[in-house]
Amino acid sequence: MLKYNVRGENIEVTQAIRDYVEKKVGKIEKYFKDVPDAQAHVNLKTYSDKTAKVEVTVPLPYIVLRAEETSPDLYGSIDLVVSKLERQMRKYKTKVNRKNRRSQGVDAPQPTNPDLWADLDLDNEEETTEDEIGAAIVRTKRLSLKPMDAEEAILQMDMLGHNFFVFEDADTNGASIVYKRKDGKYGLIETD
């Protein structure tokens with residue numbers, strides 16, 4: 001069962017808003033099996049131009065779900081974010097099922113194995129440091145690299161909405177990076 005961490009920026013999170021978030025985001029629980037103590041981080045923001053932004057992050061042992069949406073209506077933004085999360089889960093399940101069908105009879109690791117997915121540490125340290133050329137590092141993220149193949153890394157990257165993803169290659173045990181190219185295709189950088 002999901003636990004909710006609902007925060008508001010420029011908005012007071014009322015019980016009605018909290019109940020609506022829990023009811024709507026709770027819909028994605030049907031895609032999980034035996035997820036102990038999963039936590040949904042929900043950030044609600046309102047802006048001076050009367051728009052509302054909703055960000056939802058659900059870190060799981062095998063995948064990190066993340067979606068954000070902005071619209072003129074807070075409740076509409078919540079609905080749109082939940083739709084995005086459901087699409088992500090359907091896409092993930094479809095890819096996992098295809099991979100399982102392809103690898104039947106082959107002694108290959110299954111993508112639903114928690115050890116094959118990288119978990120991002122959501123307790124990011126934010127600080128600003130400057131190097132000799134004046135470039136400022138404004139955010140530091142720590143992650144643990146877990147073995148997976150490039151296809152699984154691309155899926156994780158797309159679900160997070162990032163342009164690149166660092167992972168440990170299951171075949172070579174070396175760090176690798178997948179990235180989205182300007183032409184919409186993917187690239188892979190392998191290390192020695």
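1. Let's start with P147: its bridge partner in β8 is E168. Strand β7 (residues 147–148) and strand β8 (residues 164–169) pair in the parallel sense over 2 bridges. Here, two strands pair if DSSP finds at least two bridges between them; strands (E, at least two residues) and helices (H or I, at least four) are DSSP runs, numbered from the N terminus. To get from β7 to β8, the chain passes through helix α3 (residues 150–160), and this β-α-β crossover is right-handed. That term says that, with the strands pointing away from the viewer, the path from the first strand over the helix to the second runs clockwise.

2. A word on the model before going further. It is a predicted one, in which local features need pLDDT of at least 70 and side-chain atom pairs count only at pLDDT 80 or more, while totals for chains, interfaces and linings use all residues. Residues are numbered from 1 along each chain as its sequence is written, and side-chain values use heavy atoms, with hydrogens and water left out.

3. On to the next strand: β8 pairs with strand β9 (residues 175–180) in the antiparallel sense, over 5 bridges. V166 stands opposite I177 in β9. The hairpin of these two strands has 5 residues between them, and N173 takes a positive phi near 60°.

4. β9 also pairs with β10, again in the antiparallel sense and over 5 bridges, with L188 in β10 as the bridge partner of V178.

5. Elsewhere in the chain, strand β3 (residues 52–59) and strand β4 (residues 64–71) run antiparallel and are joined by 8 bridges. They form a hairpin with 4 residues between the strands. E55 has E68 in β4 as its bridge partner.

6. Finally, which residues of helix α1 are buried? In α1 (residues 15–25) they are I17, Y20, V21, K24 and V25, where buried means under 20% relative accessible area, exposed over 50% and partly exposed in between (1.4 Å probe, protein chains only). Seen down the axis of α1, these residues fall within an arc of 110°, so they line one face of the helix; the arc is that of the directions from the helix axis to the C-beta atoms. The face turned away from the buried side carries the exposed residues Q15 and K23. The cover over the buried residues of α1 includes β1 (3–9), β2 (39–46), β3 and α2 (74–102), with contact meaning heavy atoms within 4.5 Å.
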